Amino acid sequence: MKFWLLILFTVILQAGLMATDLQINGSNELNYTYRTSADSLHTFFDDQFSFTAGYGNFTYGMKFIMYLPKYNKYESNFVQELQPDKLTTEWAERYLEYSKNHFLLHGGTFEETFGSGMVFRSFKDDDFDIDTRLEGMQVKVNYPKFRIKSLYGSWHSVRYDDDSPNNIAYGSEIEYKLLTGLTLAGNGVAMRVIDPTNIYSEQDVWGGRMNLNYARMDGSVEAASSSKYHMSTSARNGYGIYANSNVYLDPVNLSFGYRKYYKFDYILHDLPMVNYHSEPLNDATAGLDEEGAQGEIRYNHGDDNSIQVNYAEAWSSDFKSRMNDLYTEFDQKFSNWQMIAEYSHIEKNDDILQYWTKDLTPAVSFDFNIAGNAAHVRAEYEYIEKQFQQLTTYHYEPLLQTDYHYKQYGISIITETQTEKVSELSSARYWINCEFRTTIFENTDLLFFAGKQKGGKVCRNGSCKYVSPFNGIKLSLSTRF
Amino acid sequence: MKIRLLVMLLFLLAVISVYADKLMPDFTLQDVNGNDVNLENALKNGPVIVDFWASWCQPCLKELPSLNEFQKKYPNITVLAITIDAPKSTARAKSEVKSKQYEFTTLFDTNQTVKGKLNVSSIPHTFIIDQKGTIAFEHMGYNVGDEKVLEEELLKVLGQLPSAATPAETTPVSE
């Protein structure tokens, strides 16, 4: 009875709203995954339904996901723990927002950032399996001269015995436009985090920022200090400094960046790394002790070609850990085709761990037409060398990608291999995969993937995404409305 | 029972959504100079092209020059190029558009609020909004030649081409 009443209520409510100025956007994505991994179940289904409705000054948004069973793309579950018929449902997002003129009130799931994200950033990134969004409330006041934002929310702890939203964060930021092109901001965040041993630690972060925006020059300087206390180990203080600047001297453009972080590591932020590949000095200790600088020069010759060279260095306070990052790109457009040649070079060294690694990637890509249809070819020849104590290893990772489009059909094939000697290519390990995309109805796309992929950033069939390692088949039907 | 209820509700929402007008939700984002830009105000000047891009997305960067051409060629439209670069990468995005002297308006959706409201899952993703605020056309991905499809659809919205078209034409090559 309750069920039918609810249905009736929804129909009446929605019919009423339809007659008015109702804005609806949504999408539904149905996925079938066949994983070939031996230590896993093979067949997975999921359906992800997103819906946003705007009515007057109100907006309601939600995302609901059903898994049969839940598929974890980064961690392999124990096969005995997986139940093929276990249906898992999840509200990935729910919020209600009210906005009028200069005021906004948001309740539910939200993402927020203060400045560059050095002081505070809560966000979701499906591609990297990061979700630090908050459940709570935020208030924003926006005037041309000043802006204020305040938030209070909780997020899930990483306690081994519980996944409750026990962690709490609250903070505010005030931004004031002092002069045309000059903005000053101050912010503060307090966080209470429960650690895996069920002990709470508290952390306060205070920051300040200056932004410059002029036609020929822009930049920002940001500084913050943090203090961590009430923790199982001794209290500690840290700080972070980040600065960047762009100077436009048509046709040449210069960019500079600088960062310094000392004991400035916590969950709710996203540190600017001041290098092309956004690499920390050490993945495991990002923000603990690192300093770095970056310079970039770009030359644009009209719309036809451009060159950019980006170089960055980073080091620890004792110089025992160091890295460099070089990226160069040459882009040339011709009447009906385009070529991009790239070279990237990352080198990391740690004297204490006696670890050294070098990653060089020359790449070239072409976009052109065949019989009036778009084609894309990309070739990479990555070389990786690693040294750990006395052991040195190296290998090549060549990659060839071809995309072709005919009417509403797009096909992309990527072949990647890994070998120590080029002469042994025929016996090397291969990752070959194919993606087929088409539009079957208005705003409904079908995607079929088959093969083995290594993971990382992939731009194929005209779109870019970060993907996780995978071996098998995926079929996806997505509809936007 | 709970699942049944939810599935039914979701189904109803989806069905009713089909009948509702496909209006673009209003939004306000900051431009490269830190000023607020509002969609409703932009629509007062004429149709609007909204494009989602990022500085790490090569197909997006290849599409930007053609959007700039549209902005120059059709003065009564507004091109809003919304970057979804992470907050730590906004300096790179600024450098990309300012160094190439693009004339369209660049906006920053660093918290992906607008992207989320429009359920944009991959980029580039381009919308053409008519002056009433209705989404007249949307397109995912960019390949060489897609700019011709976009221009054709833009001309229909501008009333310079007949709007009657076959479904295949209104939903052209996706990526």
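In chain A, strand E4 (residues 88–100) and strand E5 (residues 103–110) run antiparallel and are joined by six bridges. Strands (E, at least two residues) and helices (H or I, at least four) are DSSP runs numbered from the N terminus, and two strands pair if DSSP finds at least two bridges between them. The model is predicted: local features need pLDDT of at least 70 and side-chain atom pairs count only at pLDDT 80 or more, whereas totals for chains, interfaces and linings use all residues. Residues are numbered from 1 along each chain as its sequence is written, chains are lettered from A and ligands numbered from 1 in the order in which they are written, and side-chain values use heavy atoms, with hydrogens and water left out.

Within this pairing, A:Tyr98 has A:Leu105 of E5(A) as its bridge partner. Two residues lie between the strands of the hairpin, where A:Asn101 takes a positive phi near 50 degrees. E5(A) is also joined, by eight bridges and in antiparallel fashion, to strand E10 (residues 134–142) of chain A; here A:Leu105 stands opposite A:Val139.

Chain B contains seven helices and seven strands, arranged along the sequence as α-β-β-α-β-α-β-α-β-α-β-β-α-α. Of its 175 residues, 64% are buried, that is, under 20% relative accessible area (1.4 Å probe, protein chains only). The seven strands form an open sheet of mixed pairing in the order E2-E1-E5-E4-E3-E6-E7. Strand E2 (36–38) and strand E7 (135–140) of chain B each have a single partner strand, so one side of each is left without a neighbour in the sheet. Strands E1 (residues 28–31) and E5 (residues 105–108) of chain B pair in the antiparallel sense over two bridges, with B:Asp31 opposite B:Leu107. Helix H3 (residues 58–73) of chain B lies across strands E3 (48–53), E4 (78–83) and E6 (125–129) of that chain, at about 165 degrees to E3(B); angles run from 0 to 180 degrees between the N-to-C directions of axes fitted to C-alpha atoms, for helices over the stretch in contact.

The contact between the chains (heavy atoms within 4.5 Å) takes 92 residues from chain A and 70 residues from chain B. About 6700 Å² is buried between chain A and chain B, 54% of it from carbon and sulfur atoms; this area is the accessible area (1.4 Å probe) that the two parts lose on being put together, summed over both. Eight salt bridges are found across the interface, each defined as a side-chain nitrogen of Lys or Arg within 4 Å of a carboxyl oxygen of Asp or Glu. A:Asp367 forms a salt bridge with B:Lys62, with the closest N and O atoms 2.6 Å apart.

Conventions:
Buried < 20%, exposed > 50% of the residue type's maximum accessible area, 1.4 Å probe, protein only.
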